[in-house]
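Reader: Before I use these coordinates for anything, I would like to go through them with you. Could you show me the structure?

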There are 2 protein chains.
Amino acid sequence: MDEKEKAQNTPIDTSWIRALSLNLIPPSLGDNTADADRLIKAAGLQLDSDSVSIPFARLAGLPKTLRNSGYRTSAVFFKDEGRWQLIDLFPPETDGGLYVAAVDLGSSTVVVRLLDLASGETRDEISFHNPQIRLGDDILTRIHYAGEPGGLAELQGLLIDRLNEALRAMVELQGVEPRAIVGMTAAGNTAMTHFFLGLDPYWICREPYIPVVNAPSMVAASEPGIGINAQAPVLVFPNVGSYFGGDLIAGILASGMMDQDEVSFLVDVGTNAEVVVGNRDWLMACAGAAGPALEGGVANMGMMAGPGVIDRVRIDPESDRFRINTIDDQPPMGICGSGLIDLTAALFLKGMIDLRGKFVPERCGERLTDMDGIPHFLVVTAEASGTGQALTLSQPDIDGLIRSKAAMYTILNTIANTVNISLNEIKRFYVAGTFGSYIDPQSAITIGMIPDLPLDRYVSLGNTSLIGAAAALVSAEAKKDIHCIRDRITYLELNVNQEFMNLFSAAKFIPHTDRSLFPSVKRQVSKENIKNENIE
Amino acid sequence: MDEKEKAQNTPIDTSWIRALSLNLIPPSLGDNTADADRLIKAAGLQLDSDSVSIPFARLAGLPKTLRNSGYRTSAVFFKDEGRWQLIDLFPPETDGGLYVAAVDLGSSTVVVRLLDLASGETRDEISFHNPQIRLGDDILTRIHYAGEPGGLAELQGLLIDRLNEALRAMVELQGVEPRAIVGMTAAGNTAMTHFFLGLDPYWICREPYIPVVNAPSMVAASEPGIGINAQAPVLVFPNVGSYFGGDLIAGILASGMMDQDEVSFLVDVGTNAEVVVGNRDWLMACAGAAGPALEGGVANMGMMAGPGVIDRVRIDPESDRFRINTIDDQPPMGICGSGLIDLTAALFLKGMIDLRGKFVPERCGERLTDMDGIPHFLVVTAEASGTGQALTLSQPDIDGLIRSKAAMYTILNTIANTVNISLNEIKRFYVAGTFGSYIDPQSAITIGMIPDLPLDRYVSLGNTSLIGAAAALVSAEAKKDIHCIRDRITYLELNVNQEFMNLFSAAKFIPHTDRSLFPSVKRQVSKENIKNENIE
């Protein structure tokens, strides 16, 4: 069941944000309860709760609103720690026309999904490049920038302003006011969460790596300046530590692994490889630098995904020709992580690189050239390229990828050893993140980045940060799960000790020094070798 | 036990506002809990609660404060509906130097009491004329003024600004910042509560007399603009209805009648006579216009209490001379309610007014003059007066007082009939309010304003609004009692029907048409008559 189905199947009364259709008995001499208390009483009956309150900011306008509508109103409330609080009053029978927004606070890309409050259905989705990029490509640069005078406010301002712009565009399209967005969830890594809330991330990247807050209380939208209903609750996903953010909590929630009997793995691959293993009884998490090669930022021809970027590579088994797929079928401009993994796997299977990832000149033939003493492999000729320049893959590009994939595998290996599970016995392996959804698991197995499991055990979840955020928005159960997940997680601090380095060294081969761990790769290599021999 | 003793005997850990001395274990690689969560955890242990939170406004500053003090701090928390919330952090071992403020939001006079948070002892008290008076002497005029454009904001602004000025003066004297005031309670009538919170009182004085709110949630001091610690909780006493305000809830709390087995009465006399009767099982309340005569605003020579105002009058039994006491022993300028009651009682006992309250010329002698056809009784000669003018009591002044005292007695009579208690069987009769504390019960009995009880059953409590507010500030038990009181009260709507009018007519005599209700007055009159005969 994907998250959309889940939301649609969630009856509205399990939500923690609810629009109540209230038909109050107007006051009389025999019943002179105050307006606020009258509203609270009626709402309490519908909500089956004796803990209902009205925030100060909503008191002053109450009498006029109630009187103008003859004491009939759509009153929207939210629940936090067992207490219901009024968000706002709307004209009677405002059943549709109320929304909630889920936000994936990505450090590169921010995605906002607008959902209908009543049905939980998705109404719109907007993604935009995180405008903070102009102040720092990577999160570490931004953290340092936040330490400059006014830096934190600028970073927060850029993010919130752009987010507000997106929200405005979305409500305009629905023909309502921003006030009609009555709730929000936001999931991001720990630093992004700090920027979002205007908290100084200074100590996040300094030993012993302490966030300002792990589990922030819910805030009113107006507090961090979100331009939706001022009293809308904003639930910011908690983090487990500086290197394990709310985005991954949202990922766990999206995977549902915390509700299953059998043990599964969840991997979110980015600059950091974030790994969770566990089931309904326990969860263990671990994060480590997997290297930027996977994000496409470092390779000579590497790029972030976008039009013209190579995301799929095959070498035709018959003709030996490269079959390249680019995003939007534009002339090739560069390569992204998934393309790089495909390419490396193909080169390996063709024997063009050896098990250390080094080019094999006799196999590469003319495609291999030397530029300033560095071997380069021609992927796209200048004529076929969208840049007018040949696209080449250098030896250091492959070396970088191998370090990244080795780190990834070593992290998986380490956490599996810790919980005493064999990687090849994993029943379900969730891959999270936009990047994860592009990776071809077979290619990733071929280079030894992920365990050699039957392909059907790999489940690509897509943007789990957003899916988790949306789930928590429409379901009180999912919202509750967030804190269950956080409380249940044991965080495994990666010790880069001799044992780790040994595992890492063994993983720096394609697919691995221990070939028995990758039987499927062994079979493919044999097949290719037979073919190669035929060709030669 | 007066309220001061009560506060002193309250151990600090029963308070709902607490300063915790926290010595946090600084973060390390082995314990990388975030700063906020670290503080919450440590506070939770001391508070024995797993519901501790930090408001958004206090998150950003947290890391620096904790680091600058080596993770030692005095953290002040308050409890609301079972949840503890951080107010602020202070330097370690700030044991003294933290305060809370109780406010009596009187429509004429506002009183602020500053208490030491740690000991609950009173440190200072300031009272000032309610600056709203310049926009309307009486509360009704102000309610109408609030309906003018900008009127409500002006009324609120005047009150809050003056209050902030008083608070600033108080903290300056203690040598601390306004931030050191970490909590506040405020009790006032329903309209004053509305002005304080910036809520429109428009519907309070219009049928069916509906306040905006009966039981406001606690607000942060910054919300209505109180210039103390921005996150200090401000507890505004709830009202029972438009004519039964939080000041009277505070009064009940101050009396302790809700904890007693036997039934007592509590009377707060002002423009309205507010009456409560009950015990630990039930409370019934009733309010009605007792007439402004008692507040001294109407009588020809009437004034509010102040220097030179006559507050006590005796007629020397031997010499027949008037023995007049003025406030601060200044030359007499006018008379306040208590003086007027004394004077009227004395005139009645001397036979100078009859049982209808009409002057008896043959008894008054030269003191009685006619001005524009209205009889005036000379109280102070022009030579002895502080104004240079003779101070006289007119027939209409007495008529007004008699209407007021009749209303008072009728209200008492009505509520006593409703609960089926004989007025003369009341075991304890609490008199609340500054005015109440000046009244001589014997004089009030003599004119038939209050029941003819043995004098020791009358207990004058002073400013119960302030005492109740202070009690709720330093004791969680008292704070809880507020809502118990409010929930337990039955409000008796005074029906000015034929029965009421009959009772009222009977009470318009001195002391009453049914003299058997006032045996002590009968005895005094007999005594006086004997004396008078001797003199004559």
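Author: What follows is a set of questions and answers on this predicted model.

Reader: Which radius of gyration does the globule rule give for the 536 residues of chain A?

Author: Chain A has 17 helices and 22 strands. Its radius of gyration is 26 Å, so chain A is as compact as a globular protein of that length, since this value is close to what the globule rule gives for 536 residues, namely 24 Å.

Reader: What percentage of the residues of chain A count as buried?

Author: The C-alpha trace of chain A spans about 100 × 50 × 45 Å along its principal axes. Among contacts in chain A between residues at least 6 apart in sequence, 66% join residues at least 24 apart. Of the 536 residues of this chain, the share that counts as buried is 50%.

Reader: How many residues does the largest nonpolar core have?

Author: The residues with the most contacts inside this core include A:Ala469 and B:Ala469. Leaving aside residues up to four places away in sequence, B:Ala469 touches, among others, B:Ala102, B:Val103, B:Phe237 and B:Ala250. The number of residues in the largest nonpolar core is 331.

Reader: In the open sheet of three strands in chain A, what is the strand order?

Author: The edge strands are β15 (322–326) and β16 (334–335) of chain A, each of which pairs on one side only. Strand β14 (residues 309–315) of chain A runs antiparallel to β15(A), to which five bridges join it, and A:Ile315 stands opposite A:Phe322 in β15(A). With mixed pairing, the order in chain A is β15-β14-β16.

Reader: Which strands of chain A does helix α9 touch as it packs on that sheet?

Author: Helix α9 covers residues 337–349 of chain A, and its direction makes about 20° with that of β14(A). The strands that α9 touches are β14 and β16 of chain A.

Reader: Why is helix α7 of chain B described as largely enclosed, and which residue follows it?

Author: Eight of the eight residues of α7 (residues 190–197) of chain B are buried, so this helix is largely enclosed by the rest of the structure. Among these buried residues are B:Met192, B:His194 and B:Phe196. The residue that follows α7(B) has a positive phi, near 70°, and is B:Gly198.

Reader: Is the crossing of α8(B) and α15(B) left-handed or right-handed?

Author: The axes of helix α8 (residues 246–255) and helix α15 (residues 476–488) of chain B come within 10 Å and cross at roughly 115°. The contact involves B:Ile249, B:Ile252 and B:Leu253 of α8(B), with partners in α15(B) that include B:Ile482 and B:Arg486. The crossing of α8(B) and α15(B) is right-handed.

Technical notes
Residues are numbered from 1 along each chain as its sequence is written. Chains are lettered from A and ligands numbered from 1 in the order in which they are written. This is a predicted model: local features need pLDDT of at least 70, side-chain atom pairs count only at pLDDT 80 or more; totals for chains, interfaces and linings use all residues. A nonpolar core is a set of buried Ala, Val, Leu, Ile, Met, Phe, Trp, Tyr and Cys residues joined through C-beta atoms within 7 Å. A residue is buried if 20 or more other C-beta atoms lie within 10 Å of its own, exposed if 12 or fewer, and partly exposed in between; C-beta atoms are placed from the backbone. Two residues are in contact if their C-beta atoms, placed from the backbone, lie within 7 Å. Two strands pair if DSSP finds at least two bridges between them. Helices (H or I, at least four residues) and strands (E, at least two) are DSSP runs, numbered from the N terminus. Axes are lines fitted to C-alpha atoms, for helices over the stretch in contact, and angles run from 0 to 180 degrees between N-to-C directions. The radius of gyration is taken over C-alpha atoms; the globule rule is 2.2 Å times the number of residues to the power 0.38. A crossing is left-handed if the near helix is turned anticlockwise from the far one by less than a right angle, and right-handed if clockwise.
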